[in-house]
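The sequence and model come first.

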Amino acid sequence: MAAIDPSRRFLKDVKRIVIKVGTAVVTRDDGRLALGRLGALCEQLQTLNSQGFEVILVSSGAVGAGRQRLRYRKLVHSSFADLQKPQVELDGKACAAVGQNGLMALYDTLFSQLDVTSAQLLVTDNDFRSPEFRQQLTETVDSLLSYKVIPVFNENDAVSTRRAPYEDSSGIFWDNDSLAALLALELKADLLVLLSDVDGLYSGPPSDPQSKLIHTYIKEKLENTITFGDKSRLGRGGMTAKVKAAVYASQAGIPVVITSGFAGDNIVKVLQGQHIGTLFHQDAHTWVSNGELNSRDMAVAARESSRRLQAMPAKERSKILLDVADALEANEKVIVHENEADVAAAKDAGYETALVSRLALKPGKVSSLAKAIRVLANMEEPIGQILKRTELSDGFILDKTSSPLGVLLVIFESRPDALVQIASLAIRSGNGLLLKGGKEARRSNAILHKVITSAIPESVGGGLIGLVTTRDEIPELLKLDDVIDLVIPRGSNKLVSQIKSSTKIPVLGHADGVCHVYVDKSADMEMAKNIVVDAKTDYPAACNAMETLLVHKDLMENGGVNELLIELQTKGVRIKGGPRASSALNLPAAPSFHHEYGSLACTVEIVDDVHAAIDHIHKHGRQSIFSTRNSLHIL
């Protein structure tokens, strides 16, 4: 099964679902009912029904289907002279009456083939004005669901007091999209799924290659920036109506997903938490930065802002950092709150202890970060320093000076504090920045990004630092070699290699590494114990924590090795052994000398002397690209 989108983990608690299928899905281009799509829909609903979900269906399509049948009737009973006269539009209410009968008969036939019972419920806008009706509606639906019956709702257009099904958009609900949202609230549904003829909400016309699928709708950011069509191909709703209904339901606490009804398994995929369609959720603004732009716009904004930053006097750039430090401290409570939510979600998802440890902002961490930023602000100016001066000829001097790199794309692990550190360095050095943190730190990264960019003056622009929120954006960013100047990925060797092979942009990467500590026979054992314990336990999830402890063979004879192991085990460190150590000390074998634990565990091995220790590190330590992470301490 495909990976679960972290923003959709709430789906594991979904029990009652309202599913609305639009006219464009129910009918074909010629107005006839789309039997294949309806069959696939019924099969999905049967699967959900058998899995214990409570399924409520809201179906459009009656008017369209009825119109097609009445046109045929009219044609059959018309004379040649009648056909020469101007054709009058068919009565919409008559179309609704005829189409509803045929549509429900088809649903009944399809569900019967799947051993599922369905029930028809026709409602009008005026019905919901009665509290007694609403109470009875809830009781009836609860009763049907208890018998595993699927209620099928539709507006009773045939007797509706509206002027015509397509003209009147007043009242408590005004189409089947708004009816579905109303029912989701009335019947206390856990999820509303709106099926359309496109994959979800796009940034522009779906037919435009430049349009991008919006996976998460942020009302504050998007409600005034997207232009919709007037209505759907056959019905009266269209995407405008769906978004309006989705916003209404989601703001009331009912999550909504708009996705395609043309795929035969999209409803099941939605409930599996897959990254399809457009999600509407009342907490969505906490997941994605409100300033999010498309990939190129974000990169261009970072470049333009960085040029304005570079033009500022050094003191003004330092002032920005001081403002950032103040903003972090002023917002410490909300930052910690969002971080705690990420940590709780990571624990619920069963992530490893090491990852949760990296994710957590421990007490005092925000203050520590603010203090470090102030130190950075007061350091020597990094831009414009003369690094080298060469006299090419008499009076002709060439200076090599330090300058910003431009726009950096930095991909880092699930450490929210890394976002603060990287952003601070970028501001100090005059660089634009695009950040992609681990998905586990989504809320922490969002609030930190918001706090930091709020401290950047308008004369520079908050676009100086862009927050990339999904992995899907990375391939597009890697194509922007005309805007982005350097990519810095932090992660596995596989990740670094994939990025290097996917872009023309220079990549400053490193592979995974194993940090070593070697204790010689001449070491001061008290000092050695302190250094070894600190190297492993101070921050075991950090990339520079000790993973392998090498000890001189003579320490086996004088008890030094036992002292070191007891000290580590007292601190909760699990010990694994290399071939010599596991045999001599009866330790469980280490997975390999290349293994990076990232937790309270390490490998111990016995070596003959310092030269053997160096050879071991050269052989089993992973060399980095442009940098090294191997450490050797000779005590």
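## Overall make-up

Of the contacts in the protein with a separation of 6 or more, 75% are between residues 24 or more positions apart, where contact means heavy atoms within 4.5 Å. The model is predicted, so local features need pLDDT of at least 70 and side-chain atom pairs count only at pLDDT 80 or more, while totals for chains, interfaces and linings use all residues. Residues are numbered from 1 along each chain as its sequence is written, and side-chain values use heavy atoms, with hydrogens and water left out.

The protein has 635 residues, of which 51% count as buried (under 20% relative accessible area, with exposed over 50% and partly exposed in between; 1.4 Å probe, protein chains only). Its secondary structure comprises 23 helices and 17 strands. These are DSSP runs numbered from the N terminus, helices being H or I of at least four residues and strands E of at least two.

## The four-stranded sheet

An open sheet is formed by four strands in the order β14-β15-β17-β16, with parallel pairing; two strands pair if DSSP finds at least two bridges between them. The edges are β14 and β16 (574–577), each with a single partner strand, so one side of each has no neighbour in the sheet. From one strand to the next the twist averages 30°.

Strand β15 (residues 546–552) is mostly covered, with seven of its seven residues buried. Five bridges join β15 to the parallel strand β14 (residues 515–519), and Val-519 has Val-551 of β15 as its bridge partner.

## Helices α13 and α17

The axes of α13 (residues 332–348) and α17 (residues 442–454) come within 7 Å and cross at roughly 160°. Axes are lines fitted to C-alpha atoms, for helices over the stretch in contact, and angles run from 0 to 180 degrees between N-to-C directions. The crossing angle therefore makes α13 roughly antiparallel to α17 (over 145 degrees; under 35 counts as roughly parallel, 65 to 115 as roughly perpendicular and the rest as oblique).

On the α13 side, Val-334, Ile-335, Glu-338, Asn-339, Ala-341 and Asp-342 meet Arg-442, Arg-443, Ser-444, Ile-447, Leu-448 and Val-451 of α17. By class, this contact has six nonpolar, two polar and four charged residues. Ala, Val, Leu, Ile, Met, Phe, Trp, Tyr, Cys and Pro count as nonpolar, Asp, Glu, Lys and Arg as charged, and the others, Gly among them, as polar.
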